[in-house]
Amino acid sequence: MRGSKNGLAYLLPSSLLFFGSAVFLFRNPTQYPLILLLFFAYVLATLHVTTLEMAAVFATFVTFMQWGCSGLGQGLDKLWPALYGIPLWCGIYTMHQFVTRENKDEKGCSHFLQNYQKGMATLQKEKQGLDHRIADLDKQLTVRKNLSQAVHELASLLDPMLVRQRLMEFVRTAIGKGNIQFFAGTAPRDLMDQWVMERKLSLLVTDVLQDSRFKNAKTANEVRSVLAAPILVEKQVVGVIRLNAFEANVFSIGDLRILEALSLLASLALENLQLLSKLQEGAVRDSLTGLYTHRFLQERLADEILRAGRYSQEFSLLLMDIDHFKRYNDTYGHAAGDQVLIRVSQLIQQLVRPVDLVCRYGGEEFVVLMPQAPLGTARELAERIRQTLQQESFHFGTEASMQEHVTISIGLAGFPNEATIASQLIRVADSRLYQAKESGRNRVIG
Ligand code: GH3
Ligand code: MG
Ligand code: MG
C-alpha cells in the first residue's frame, strides 16, 4: 500500500513529462511506435516503481528515449530534451522529500497510535482490577452488614432452636455456597466431624481426595469441599455447623473466617441462653438437692389454694425437719452434711406421688405439697417417709464403722379444714413440727 503510494509520487513528475513529450511527438506520426513504447514503460513503472532508485531508473529511461526522439525535431525542438532532465530530476527530488516526510509522519503517527493503544490496554487492565476490588469491597460490606445483624439478632433470641436456625440462615447469606448442615449429635458422622469435635477448631478442606488427613475418609455422596466450625458452650462442643460441596476448591479462607465469626456468635448466644436458664432454674430449683425452692413453693401454694378453693377440694402440706442435723455437720463435716441432705431429698422424692411437689424449705427443712390429698393420705405418706429414713443407713468416710441413722420430725396441715391462707397453713404445720420435736423427735404430728 505504502509502496504503491510512494511509486505514484515518484512517477508523477515523469508522467507529466511523458504526456508533454507525447503531445510533442504526436506531431510526427513516424514517432507513434516510440509513444507506444513509452506508454508501456509508463504502465510498467506505475505498477512496479516503489522506490527512489526505481524512479531514477525510469526517469533515465524516459530521458534517453526523449533524447533519441529529439533528433528528429527541428530548431527549438532540438533544445527541448536538453532542458528535459532538469525539471524531471527536480520533480523527483521534491516528491522524494515529500514522501520521506510523509512516511516519517506516518511512522510517528503509528508509534503514537501504538503507545496510545498500549496506554488504553493498561487502563483497561487497571479498570478491571478496580472492578474486582469494588466487587470485593461490596462483598465485604454485605458480610459486615450480615455479621452486625447477626450480632444483634442472635444475642436477642431466647430459644436455642431459633439460634441454630438463624445461624444457618446467616451462613447461607454470607457464604452462599455448598449445603449447610447443623450437626447436634455426640457421635461424629465422619472423620471431619471428629476432627472438629476433638480439636474444637474450625476446618477447611479444599479437596477431600487430596487432603492427607481425610483422603481415606468415606464421605456422604462423595463430598469434595468441606467447611466446618464447632459450636461451643462452656468449652464443650454442642454442635458442628458444616458446609459440603461436591466439587473441589469451593470454599476459601475468607469463607472460613466468616463461618468462624458466625459460629462464635451462635456459641455466645447459646452460652448466654444456658446461663439465663440456669439463673431461672436457680429461682425454681435448689442447686444442692435439685428440689424446688422456697420461692417456687410460695407461688405454687398460692395457686393451689385458689384451685382447691374453686373446686372445693382438700390438699395437705407436710413440713419436715431433720433431727439433730447440726450434729452430723459438727461430727463429719459440712460436706458430709450435704450428702445427708442430698440422700434425704432423694428418698422423699421416691416416696411421694407424681403430683406432689417436694421443696427444700430451708437448711435441713423440707415441704411436700400434696394436691387433692386429705390429711389422712398426708399422714400415711409422712409416716412412710419417717420410717424409711429411720431404716436408712448413712455412711460417712471410708470406714464401715462410720455408719449413722437419720431421723426426721414432721408436722402436717390440711386445707381448708385447718387453714385457708398460705401463711396460716405453714404456721399450723410449723407448730405441729415444733410439737413433734418437743415430744421427742422422729414422729409425725397432724
Ligand atoms: P433439731 O433436731 O432441733 O432440728 O436440731 P438441728 O441440729 O437439726 O437444728 P439446728 O437448727 O440447730 O441446726 C441446723 C443445722 O443445719 C445448722 C446448719 O449449719 C445446718 N445446715 C443448714 N443448711 C445446710 C447446708 O446446706 N449444708 C449443711 N451441711 N448444713 C446445713
Ligand atoms: Mg431446722
Ligand atoms: Mg433440724
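**Figure 1. Pairing of β3 with β4 in the predicted model.** In this predicted model, strand β4, residues 236–245, runs antiparallel to β3, and nine bridges join the two. One of these positions involves leucine 232, whose bridge partner in β4 is valine 237. The loop between β3 and β4 contains glutamate 234. Glutamate 234 is not a glycine, yet its phi is positive, at about 50 degrees. Most residues other than glycine have a negative phi.

**Figure 2. The four-stranded open sheet.** The strand order in this sheet is β1-β4-β3-β2, and the pairing is antiparallel. β1 (179–183) and β2 (203–205) are the edge strands; each has a single partner strand, so one side of each has no neighbour in the sheet. On average, neighbouring strands here are turned by 15 degrees against each other, direction ignored.

**Figure 3. Helices across the four-stranded sheet.** Helix α5, made of residues 160–175, lies across β1, β3 and β4. The angle between α5 and β1 is about 155 degrees. Helix α7 lies across β2, β3 and β4, and runs at about 25 degrees to β3.

**Figure 4. The largest pocket.** The volume of the largest pocket is about 200 Å³. Its lining includes Lys200, Leu201 and Ser202, together with Ala229, Pro230 and Leu232. Also in the lining are Glu260, Ser263, Leu264, Ser267, Leu268 and Glu271. β3 (225–233) and α7 (253–284) each supply at least two of the lining residues. The most comes from α7, which gives six residues. Sorted by class, the lining has six nonpolar, three polar and three charged residues. Leu232, one of the lining residues, is also the leucine whose bridge partner is valine 237 in β4.

**Figure 5. The five-stranded open sheet.** This sheet has mixed pairing, with its five strands in the order β6-β7-β5-β10-β11. At its edges are β6 (357–360) and β11 (444–445), each of which pairs on one side only. Strand β10, residues 408–415, pairs with β11 in the parallel sense, over two bridges. Glycine 411 is placed opposite isoleucine 445 of β11. Helix α11 (residues 375–391) lies across β5 (315–322), β7 (365–370), β10 and β11. Relative to β10, α11 runs at about 170 degrees.

**Figure 6. The two magnesium ions.** Ligand 2 and ligand 3 are magnesium ions 3.5 Å apart, and aspartate 321 coordinates both.

Figure 7. The peptide bond from phenylalanine 415 to proline 416 is cis, and its omega is near 0 degrees. Most peptide bonds are trans. Proline 416 belongs to the loop between β10 and α12 (422–438).

Terms used: Residues are numbered from 1 along each chain as its sequence is written. Chains are lettered from A and ligands numbered from 1 in the order in which they are written. This is a predicted model: local features need pLDDT of at least 70, side-chain atom pairs count only at pLDDT 80 or more; totals for chains, interfaces and linings use all residues. Side-chain values use heavy atoms; hydrogens and water are left out. Two strands pair if DSSP finds at least two bridges between them. Contact means heavy atoms within 4.5 Å. Axes are lines fitted to C-alpha atoms, for helices over the stretch in contact, and angles run from 0 to 180 degrees between N-to-C directions. On a 1 Å grid over the protein atoms alone, a cavity is a set of points where a 1.4 Å probe fits but cannot get out, and a pocket is an open set with protein on both sides within 12 Å along at least five of seven lines; lining residues have an atom within 4 Å of a point. Grid points are joined across faces, edges and corners, and a volume is the space filled by probe spheres set on the points. Ala, Val, Leu, Ile, Met, Phe, Trp, Tyr, Cys and Pro count as nonpolar, Asp, Glu, Lys and Arg as charged, and the others, Gly among them, as polar. Donors are N, O and S atoms within 2.8 Å of the metal (3.2 Å for Na, K and Ca); water is not among the atoms, so sites may look incomplete.
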